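Subject: Structure for your review

Hello,

Please find the structure below. My notes on it follow.

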Amino acid sequence: MFQVMNEEGEIVNKDALPDLTDEDLQELMKRMVYTRIWDQRAVSLNRQGRLGFYAPVAGQEASMLGSQYALEQEDWIVPGYRDVPQIVWHGLPLYQAFLFSRGHFHGGQIPEELNVLSPQIIIGAQIVQTAGVALGLKKKEKNSVAITYTGDGGASQGDFYEGMNFAGSFKAPAIFVVQNNQFAISVPADAQTSAKTIAQKGVAAGIPGVQVDGMDVLAVYAATKEARERALDGGGPTLLETLCYRYGPHTMAGDDPTRYRTSDLDDEWEKRDPLVRLRKYLESKDLWSEEQENEVVDTAKEEIKAAIKEADDTPKQKVSDLIENMHEVLPPHLKDQLEEYREKESK
Amino acid sequence: MAQMTMIQAITDAMRTELKNDENVLVFGEDVGQYGGVFRATEGLQKEFGEDRVFDTPLAESGISGLSIGLSLTGFRPVMEIQFFGFVFETMDGISGQMSRLRYRSGGHYNAPITVRSPFGGGVKTPELHADSLEGLMAQSPGLRVVIPSSPYDAKGLLISSIRNNDPVIFLEHMKLYRSFREEVPEEEYTVDLDKAEVKREGKDVSIITYGAMVHTSLKAAEELAEDGIEAEVVDLRTISPLDMETVLESVKKTNRAIVVQEAQKQAGIASNVVAEINEHAILHLEAPVLRVTAPDTVFPFAAAEDIWLPDHTNVTEKAKEVVHF
């Protein structure tokens, strides 16, 4: 397992220490704290019925944000359903992420020039699509890559293998991240496969596979950065397995992790909390204080409140909107139905 | 003008669009140097290069994922599924993904993808090559499904499909690939999507059909004429969406109709046509609208095709049944 920083925030692999400025390190810490608060607020807003579908992310901040931080703005992100933080930090307005959660089409209306897709619900579909995006970037001679994410369960899907294999065959600039948070809903990772690691599944596609400490933001950043450089140098795709943990339930739709996880296991992973680790490291370098952290927490809470307000203020969906978004040139039956619903809506 | 088979017309359409638009890419299993298992892409890689016309690994889901990703980066993919019986491997890519891309992004992204694929019985293919699965596609909102029955239509409809900015499933009946030649303009032209065509005019009964059954129905119409029954044959061409304007115009004229498809009775799109006629022209009908279809079994073992596939006598019998109702 590739690790740069241990649980005490000590650098254990100096050679691999990524070239990040003090400001970068502080920014990473800010984003992780912000995302933890956002996760707490999202769980609570979901319980109040003010958000819909939500897949908790606490525990995976290093894996999600460290990898996104290694990207450039032109890079494409093809996220899974849990990977909302990556596309928000890449540029999707927070209120649109909330609209995605509630089920409003405006949540999927990606701003111009932002290279992200909406979170993918079909586990594995994002992997084959990423091979296509990466091949497209290669053909257009862009200096950018496509990154995608799935979980440990997702690595059992056919599309997971096909996507890696296609990208490998076309030497396409893709990064496949498997966030191994140990459980696919209730099924533990060792029930998915007899393979000792998921990273070794890269062998089947003939591409490099790297297992990374997914609770170590510096390791995730460094591994992603290296994969990106290899891709842009024509070295093809990389598979990254980040070993991490979700502290919360699988989703907010009635999952109860106490039915399949022990508190001992929870405790063990809480010791590896990516925020605690980076905080210790930054404090040792005199780069972080309680005051700074509180400021981030306050900002996060304010911005989340404003984003929920903006989501509330978004006009309600009409059937006519849904019809209009189906095709560029509406077929005759949809023209008829559009007229029918417009008439109903005007009453 | 040139005399072309349907397969030549299809190749010609792809050549035209590869020339017209540098974003058009043609890919699939064996479509490159080999020129396709039916020679549909013959010569295209040589003419346009490996960057534009290329082979893929053998994985249908990967191919449709590739198409979606390529369209997100500005390309116009023309992907091939070697035989449409293999569509099950990529139902998600087609019905779960590309059909929904425009909608799920509120119009921000689109998938200008053409999925070409051969299908159809009568040539004694092995298992799962010939199945008529267009009904599955017709039930997916966001897709257009096009099935040409002649070389002229095939070229014009394929050019229109490639130029369409939303996904089109373009199904090519294997029996029609080389069964006859027709005058096809060498220059570019289009045939409108979403439009049926009356292939034979008549006043006594409408035969609404598509694919190879167009020719079966035209043959039946000749036989019916000998008995003094003038059948009007409507070729749907696009089977989803249905061009009900043309269908209803015909039915209102003849007051009788049958729908003919090669697919099983529980499959295909015949029941959609019947339902639409019932909703919009019931007062014009002198008889119920009946269907000619295959039986509701799995597609037959090759040696049983002749007793299973609908033929022109099935059509004449059914037409007479509604005429004499």
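Before the rest, some conventions. This is a predicted model, in which local features need pLDDT of at least 70 and side-chain atom pairs count only at pLDDT 80 or more, while totals for chains, interfaces and linings use all residues. Residues are numbered from 1 along each chain as its sequence is written, chains are lettered from A and ligands numbered from 1 in the order in which they are written, and side-chain values use heavy atoms, with hydrogens and water left out.

Cavities

The structure holds 7 cavities of 30 Å³ or more (a cavity is a set of points on a 1 Å grid over the protein atoms alone where a 1.4 Å probe fits but cannot get out; lining residues have an atom within 4 Å of a point).

The largest cavity has a volume of about 100 Å³. Its lining divides into 11 nonpolar residues, 1 polar and no charged; among them are A:Trp38, A:Phe53, A:Tyr81, A:Phe98 and A:Ser101. Helix 1 (22-47) and helix 4 (94-102) of chain A each supply at least two of the lining residues (helices are DSSP runs of H or I, at least four residues, and strands runs of E, at least two, numbered from the N terminus). The largest share, 4 residues, comes from helix 4 of chain A.

Helix 7 of chain B

This helix (residues 151-163) has 13 residues and reaches 18 Å from its first C-alpha to its last, close to the 18 Å expected at 1.5 Å a residue (1.5 Å times one less than the number of residues). Of its 13 residues, 11 are buried (under 20% relative accessible area, 1.4 Å probe, protein chains only), including B:Asp153 and B:Lys155.

Sheet in chain B

An open sheet of 7 strands has the order 3-2-4-5-7-6-12, with mixed pairing (two strands pair if DSSP finds at least two bridges between them). Strand 3 (53-55) and strand 12 (238-240) of chain B are at the edges with a single partner strand each, so one side of each has no neighbour in the sheet. Strand 2 (residues 24-28) and strand 3 of chain B run parallel, joined by 3 bridges, and B:Gly28 stands opposite B:Asp55.

Regards

Conventions: 1 Å grid on protein atoms, 1.4 Å probe; cavity = no way out; pocket = protein on both sides within 12 Å on 5 of 7 lines; lining within 4 Å. Points joined across faces, edges and corners; volume = space filled by probe spheres on them. Nonpolar A, V, L, I, M, F, W, Y, C, P; charged D, E, K, R; others polar. Buried < 20%, exposed > 50% of the residue type's maximum accessible area, 1.4 Å probe, protein only.
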